[in-house]
Amino acid sequence: MPKGRPGVLLEGWVDMGSIRRLVCLSLSLTALIAAASFVWLPHSKVYIDPSNAWLVTKAFCVVAGLYGVVGLVARRVRGDETGPARLIGRLAGMALTLLNLCAITIPFGCAFGVFICLASANGRPLIDGDLAAIDLALGFDWPSFLALTNRNPTISAILVATYHSAGYQMLALALVHASMGRLDRLLEFSVACAVCLTITGTIVALFPAEGAYAYFKPTAETFSNFTTDAGMWHYPTLLKLRSGEPFAIVLSEAQPLVTFPSFHSSIGVLVAYSVRWWRFVFWPVVLLEAVMIVSTIPEGGHHLIDLIAGIVVAAVSIFVVRSVLATRSAPAVPMTSRPLSNS
């Protein structure tokens, strides 16, 4: 395997063994979450709405159809060295890389969507009082911090924008890695997210929380510069799940249900870790993620300890993925001689 410094592949080469191990880990997590949900469902008031069958079928057909179309385009321009054909081939390779990612992440997403509803529907007592007490022990007062950040409209606007940028950041990261044909780096990030969600979902089941806004109940004036329903998007769904009444899971209407630990904080760490390859963007991204993590308090409605726990969970997830990747690798292949997206 060609390397620069120890343990680092030269640019332009991909480790096929790493891809296989990451795929196996992702499939194992999907199977674990699905099995846990299958066992848990009969003992819960939660059930899977039949409409999900059409949603899953449609997603499968779309991905399979795009695979076929993009594959045909890639074969059509293969060997053609003209400028337009090379551009089309590069775009086709990028699309195949993203489709490979979808084939791995969509099953996990469906399984986790069911699992997190089951985890949130348990009758265990909420721990927000304990979380707030830990914050105070750390010298942090949530209502005072909310009032402080709400005092300056510019600061509030920056925090709101960065909080809601998480999805765009993940999309941009996927496009950058895919444009380079680096399915290995893309899988490293997505599988780390899957490990993180698996740990987070388990914690939600054991230590449910409703969030700082629901616990402290601040007046509208104290967060007037933040989103009207800041930190409360999940609350109606959470109440329904905890009511003990039958609840139909509709994946197309899924709501974020995680409050402790903060998944936004975990994403901030994982995004920064995923761009460590590019020094010229690493520190600006670290700054962006730091601001986003702070924004999870006033805009996301998290306790300070939620953020700390989310960072710890992200660190554990990175450790798990690095441990999996540390095992002996299959030979690396140059991207130019074997398209990564066809692996």
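Modeller: Happy to! Buried means under 20% relative accessible area, exposed means over 50%, and partly exposed is in between. R182 has 3% relative accessibility, so R182 counts as buried. Keep in mind that this is a predicted model.

Biologist: Thanks. What does R182 form a salt bridge with?

Modeller: R182 pairs with D184, and their closest N and O atoms are 2.7 Å apart.

Biologist: And D184, is that buried or exposed?

Modeller: D184 is buried, because its relative accessible area is 8%.

Biologist: How many salt bridges does the structure hold?

Modeller: There are two. Besides R182 with D184, the side chains of R276 and E188 meet in a salt bridge, at 3.0 Å from N to O.

Biologist: Where do R276 and E188 lie?

Modeller: R276 lies in the loop between α11 (263-274) and α12 (279-295), while E188 is in helix α8 (residues 183-206), so the pair ties together parts that are 88 residues apart in sequence.

Biologist: Nice. Is E188 buried or exposed?

Modeller: E188 counts as buried, because its relative accessibility is 7%.

Biologist: Let's switch to the surface. Which residues form the nonpolar patch?

Modeller: I134, L138, I308, V312 and V316 do, and together they have about 390 Å² of accessible area.

Biologist: Which helix gives the most to the nonpolar patch?

Modeller: That's helix α13 (residues 304-325), with three residues. V316 lies in helix α13. V316 counts as partly exposed, because its relative accessibility is 37%.

Biologist: Now for confidence. What pLDDT does the protein chain average?

Modeller: The average is 86, and 91% of the residues score at least 70.

Biologist: Which elements have the lowest and the highest mean pLDDT?

Modeller: Strand β4 (residues 332-334) has the lowest, at 49, and helix α4 (residues 128-137) has the highest, at 96.

Biologist: Where is the pLDDT below 50?

Modeller: One such stretch is residues 1-13, which has 29 contacts in the model beyond near neighbours in sequence. Residues 333-343 also have a pLDDT below 50, and that stretch has 32 contacts in the model, again beyond near neighbours in sequence.

Conventions:
Residues numbered from 1 in each chain as written. Predicted model: local features only at pLDDT ≥ 70, side-chain atom pairs only at ≥ 80, totals over all residues. Heavy atoms only, no water. pLDDT = per-residue confidence, 0-100. Helix = DSSP H or I, 4+ residues; strand = E, 2+ residues; numbered from the N terminus. Contact = heavy atoms within 4.5 Å. Patch = residues over 30% accessible without salt bridge, like charges linked within 9 Å, V, L, I, M, F, W, Y side chains within 5 Å. Areas by Shrake-Rupley, 256 points an atom, 1.4 Å probe, with all protein chains shown as cover. Salt bridge = Lys/Arg side-chain N within 4 Å of Asp/Glu carboxyl O. Buried < 20%, exposed > 50% of the residue type's maximum accessible area, 1.4 Å probe, protein only.
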